[in-house]
Amino acid sequence: MAATTHWIASGTAMSVLERGGTAVDAACAAAFVLHVVEPHLNGPGGDVTGLVATADGAPPRVLMGQGPAPAGATIEHFRTEGLDLVPGAGALAAAVPGAVDAWLVLLRDLGTWELADVLAYATGYARHGHPVLAGVGRTISGVADLFAQHWPTSAALWAPSGAAPAPGTSVVNPAHADVLDRLVAAGAGRPSREARIEAARSAWGEGFVAEAVDAFVRAPHRHASGTDHAGVLRGDDMAAFAAGYEDAVVLDVLGVTVAKTGPWGQGPVLLQALALLEGFDAADLDPSTPDGAHLALEALKLALADRDAWYGDPGPDEPAVPLTTLLSPAYTAQRRALIGDGASHEVRPGSPDGRAPFTPPLHETADVAAAGTSAGEPTVRTTGAPVPRASGATRGDTCHLDVVDRWGTVVSATPSGGWLQSSPTIPELGFCLGTRLQMTWLEPGAPSSLRPGRRPRTTLTPTVLLRDGVPVAGLGSPGGDQQDQWQLLYLLRTLVGGLAPQQAIDAPALHTTSMPSSFWPRTWTPGGAVVEDRLGEEVIGSLERRGHVVTRAGDWALGRLSVVTRDPVTGLLQGAANPRGDQGYAVGR
């Protein structure tokens, strides 16, 4: 069973499974296809976090494909460049690309297929074409002036005729196809599958890809700040990076074990919110009711406040994230007591172990008109047009994939970054770099302050569920700050409300914007609640009466979840995908 945010990627994963490949082989093939068919939402220059769980009782593992800040990415350098925030577009905001190396490491260690066979799908679509999404065209149109005036290499690739491609037009990216072919060719003559993959990793991180990145970013170019800067990412930064694995953070809650990334990502937000809500009556937890919607929003505000105060990737000489305390019953009970009948308009982080929390800068508005580019991560769209921040923008959108195979292995992963509008296209590579450093602060002393060699606190947050140590589901969603928020709704509706996976995905969604955005320009809406109109007048009216600052986003506007499930007793597989956006797809047999 495979479910992803694009039907071509789902079909690719299913093709691999049909040919005897494992969930790992299928996930790797689908991930490289997503780089090609959803270029406005992820790319090879971006990052990925994933979870892998097998049916043999081994603990779930985190696939860590989040690159760190380059050696030259210091607070002092950004301040010298006249910046108060890390820009949301431009190569100065690039972390070390981590996605490609992560998928190669996973394929090497847990896959069975040859790299050439895994990459053949993506190479074919890049070289011979695929039907372009309407969202790709809208994105290119939205940054047409930027491309034309400042990023000519991007204009040459994405609008060669001077206009964005029409939906359904077959588009190609031969430069990227050449890169994939060269990665395969690097392993020619090597004695084993693993050695051939290692050769591709070297070609990426130490060879022709790193050399092209190093040379290209040295030229100043326009950033989202409206000013020109050179990038600081160098080949040495790429050579020093290696993707790998980490232990998942797990919590037993609502009858399942929930596995997430560590607090260098926002994954524990979901665990904290679930723990807070488990203390309420189950009858009050339906997000489609007035009480359930209110409780979900208030629990999320508390969890997100702790995220911004405490989560990060500390160095060896810095205090550790107090995650054990943040997830402890005593601390959770203290925080739960803060949830009242009215909507909070404050950012209220806790003080685990008596430590004083970091309070991020709070700005309700920002002037981004001079930037000429999209703010932060790509914006979720509703009726085909961007949703501006002031009217409830859903910051962040990316890709997601879930795969489960006949043996019970589950892979859930969220690729992101390196969107076509992130920074100028590197012409000989056919892709650009990501902008994950925008999630760091240029204020010293924050848990997520910009520090060379440290990972930015990413929003990428896939989920795996287990029962008695056996994986039973993989799920996730694009959506930046909303990823764990929308997953919380899904889990409440399935684990408490008993809905089937597709019913839970289809149900009306909502989320809070009452926290600083993780994406440039990092604004917030005190008490903000963005809702789908389908939530209904009774629920929406109740939220407004309780003090939530409600923005109606439309009937089918929020959330892009996908999920696969497996019953370990019967072996029955299920999959579900999001209908919003008309591109998510689940398939299996």
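How far is the sulfur of C28 from the closest cysteine sulfur, and in which residue does that sulfur lie? The distance is 15 Å and the partner atom belongs to C399, so the two sulfurs are too far apart for a bond. The model is a predicted one. Its protein chain has 589 residues, of which 63% count as buried, and its secondary structure comprises 19 helices and 20 strands.

**Overall dimensions and surface**

- The radius of gyration of the protein chain is 22 Å, which agrees with the value near 25 Å that a compact globule of 589 residues would have.
- Along the principal axes, the C-alpha atoms occupy a box of roughly 65 × 60 × 50 Å.
- Among contacts with a separation of 6 or more, 74% are between residues 24 or more positions apart in the protein chain.

**Cysteines**

- The structure contains zero disulfides.
- C432 takes part in no disulfide, and the nearest cysteine sulfur, that of C399, is 13 Å away.
- A disulfide requires two cysteine sulfur atoms within 2.5 Å, whereas the sulfur of C28 is 15 Å from that of C399.
- C28 is buried, with a relative accessible area of 0%.
- C432 likewise counts as buried, at 2% relative accessibility.

**Helix α13**

- Helix α13 spans residues 268-278, and because 10 of its 11 residues are buried, the helix is largely enclosed by the rest of the structure.
- The buried residues of α13 are P268, V269, L270, L271, Q272, A273, L274, A275, L276 and L277.

- L115 is located in helix α5, which covers residues 115-128.
- With a relative accessible area of 4%, L115 is buried.
- Apart from neighbours within four places in sequence, L115 is in contact with L104, L107, L183, V184, I197 and A200.
- R336 is 221 residues from L115 in sequence, and the C-alpha atoms of the two residues are 49 Å apart in space.

**Backbone features in loops**

- The peptide bond joining W520 and P521 is cis, with omega about 10 degrees.
- P521 belongs to the loop between β15 (510-512) and β16 (528-531).
- D353 is not a glycine, yet it has a positive phi of about 60 degrees.
- The loop that holds D353 runs between α16 (329-336) and β11 (401-404).
- D353 is exposed, with a relative accessible area of 56%; a residue counts as exposed over 50%.
- D468 is another residue other than glycine with a positive phi, in this case near 55 degrees.
- D468 is found in the loop between β13 (463-467) and β14 (470-476).
- The relative accessible area of D468 is 81%, so this residue is exposed.

Notes. Residues are numbered from 1 along each chain as its sequence is written. This is a predicted model: local features need pLDDT of at least 70, side-chain atom pairs count only at pLDDT 80 or more; totals for chains, interfaces and linings use all residues. Side-chain values use heavy atoms; hydrogens and water are left out. Buried means under 20% relative accessible area, exposed over 50%, partly exposed in between (1.4 Å probe, protein chains only). Helices (H or I, at least four residues) and strands (E, at least two) are DSSP runs, numbered from the N terminus. The radius of gyration is taken over C-alpha atoms; the globule rule is 2.2 Å times the number of residues to the power 0.38. Contact means heavy atoms within 4.5 Å.
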